Every structure is written in structure tokens, then in C-alpha cells.
Amino acid sequence: MSKTVILSKVKKAITVTYKVTGNSLCASAISKINDMRSIKHRIKGLCTGGYHLQYVYYTNLDLKNNLIMVDSFLPEILAYAVIYYYCNGVLNMADILKQLIALNPLQYNQSLGHKFYERKIKSFLSEIVLGFTHFKRQQY
């Protein structure tokens, strides 16, 4: 059984939505999770309760498209990085990157040593350092 829930509202216009799978998610379990005071506690509560979170979408299409401009899978990678940060107690980018590589949520074939996650995260961090500008299509 799976349900789609909104766990994190970074800003009113930016929401990451995840599908929750695993144990039966009954009304009392949903209420218990919703009563937790922060997103960190909600995600941690789901993870420790035997649930699994899978990225679904960003509600802000503009943000999603800007992330896709950096890398086509960056929205998914960052959504999983948020889960690892909150659920697995990973506190810095180097450790988040290690988790991405080890858990391989996008199922990249890493058998030949390709550094998919490293490259994509470095591209994202480079964009941030350079001012991660708002990419809008130009009118011609």
C-alpha cells in the first residue's frame, strides 16, 4: 500500500512530494506523523516506523526546470539527499554523497567506476557558487 504525502515545505511555493510505502499507513499513523513538530521529525518518524520514501515531484515547476537545466536528474537526486539528511543523520555534503553512491536511488550502473552522483552534485554546487541564476526561456 502506498500514499503520496507532502513532507517538506521549504517555502510556500516550493514543496517536495514523496510517495510513502511500507507498513500500512492508517489514519492514526498519519495523525501521529503530522503531529510531529518539524519536517526532520516527520521524515525520521517515517523511516524508523518502517516506511520508505520515494521522490514523486516538486510542486514548483520553475524550480524543477531550473534544476533540470543543471542536470536532468538533479530534482530526484536532491529529493533523496533531503531524505538522507533527515532520516540517516547525514550532516554534510560529503557524507550525503557517500549515501547517494552507496544506496544508488536512481539505480545507475556504477560497476565500471563512473562517478554519476559526484559529477551531478559538483555541477549543482558549482551553479550555487556562481549564483544559480533563474533560467527562463527567452522570447525570440
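Is Lys98 buried or exposed? Select Lys98 and check: at 56% relative accessibility, it counts as exposed. Here, exposed means over 50% relative accessible area, buried means under 20%, and partly exposed lies in between (1.4 Å probe, protein chains only).

**Before you go further**

This is a predicted model, in which local features need pLDDT of at least 70, side-chain atom pairs count only at pLDDT 80 or more, and totals for chains, interfaces and linings use all residues. Residues are numbered from 1 along each chain as its sequence is written, and side-chain values use heavy atoms, with hydrogens and water left out.

Colour by pLDDT, the predictor's confidence in each residue, from 0 to 100. The protein has a mean of 83. In all, 84% of its residues reach 70 or more. Go to strand E1, residues 2-11: confidence is lowest there, at a mean of 50. Then go to helix H5, residues 93-103, where confidence is highest, at 94.

**The whole chain**

Switch to cartoon. Helices (H or I, at least four residues) and strands (E, at least two) are DSSP runs, numbered from the N terminus. Trace the elements from that end: β-β-α-α-β-α-α-α-α.

Now show the surface. The protein exposes about 9,000 Å², and carbon and sulfur atoms supply 55% of it. Accessible areas come from the Shrake-Rupley method with a 1.4 Å probe; for residues, only the protein chains shown count as cover. Of the 140 residues, 33% count as buried.

Contact means heavy atoms within 4.5 Å. Take the contacts with a separation of 6 or more: residues 24 or more positions apart account for 54% of them.

**Stop 1: the core**

Select Tyr58 and Leu100. These two have the most contacts inside the largest nonpolar core, a set of 32 residues. The elements giving two or more residues to this core are strand E2 (14-22), helix H1 (27-34), helix H2 (39-48), strand E3 (51-58), helix H3 (61-70), helix H4 (74-87), H5 and H6. H4 supplies the largest share, nine residues. A nonpolar core is a set of buried Ala, Val, Leu, Ile, Met, Phe, Trp, Tyr and Cys residues joined through side-chain atoms within 4.5 Å.

Stay on Tyr58 and show what it touches. Leave aside its neighbours within four places in sequence. The contacts are then Thr15, Val16, Leu63, Lys64, Leu67, Pro75, Leu78 and Ala79.

**Stop 2: the salt bridges**

How many salt bridges does a search of the whole structure find? It finds two. A salt bridge is a side-chain nitrogen of Lys or Arg within 4 Å of a carboxyl oxygen of Asp or Glu.

Select Lys120 and Asp71. Their side chains meet in a salt bridge of 2.9 Å, N to O. The pair links distant parts of the chain, 49 residues apart: Lys120 is in helix H6, and Asp71 is in the loop between H3 and H4. Lys120 counts as buried because its relative accessibility is 12%. Asp71 is buried too, with a relative accessible area of 15%. Now show what surrounds Lys120. Not counting residues up to four places away in sequence, Lys120 touches Asp71, Phe73, Leu74, Ile77 and Tyr108.

Asp95 is partly exposed, with a relative accessible area of 31%.

**Stop 3**

Most residues other than glycine have a negative phi. Select Asn104 and Gln107 and check theirs. Asn104 has a positive phi, near 45°. Gln107 also has a positive phi, near 55°. Asn104 counts as buried, at 10% relative accessibility. Gln107 is exposed, with a relative accessible area of 62%.

**Stop 4: a surface patch**

Finish with Met93, Leu125 and Ile128. They form a nonpolar patch on the surface, with about 220 Å² of accessible area together. Patches are made of residues with over 30% relative accessible area and no salt bridge: like charges are joined within 9 Å, nonpolar side chains (Val, Leu, Ile, Met, Phe, Trp, Tyr) within 5 Å. Zoom in on Leu125 in helix H6, residues 116-129. Leu125 counts as partly exposed, at 35% relative accessibility.
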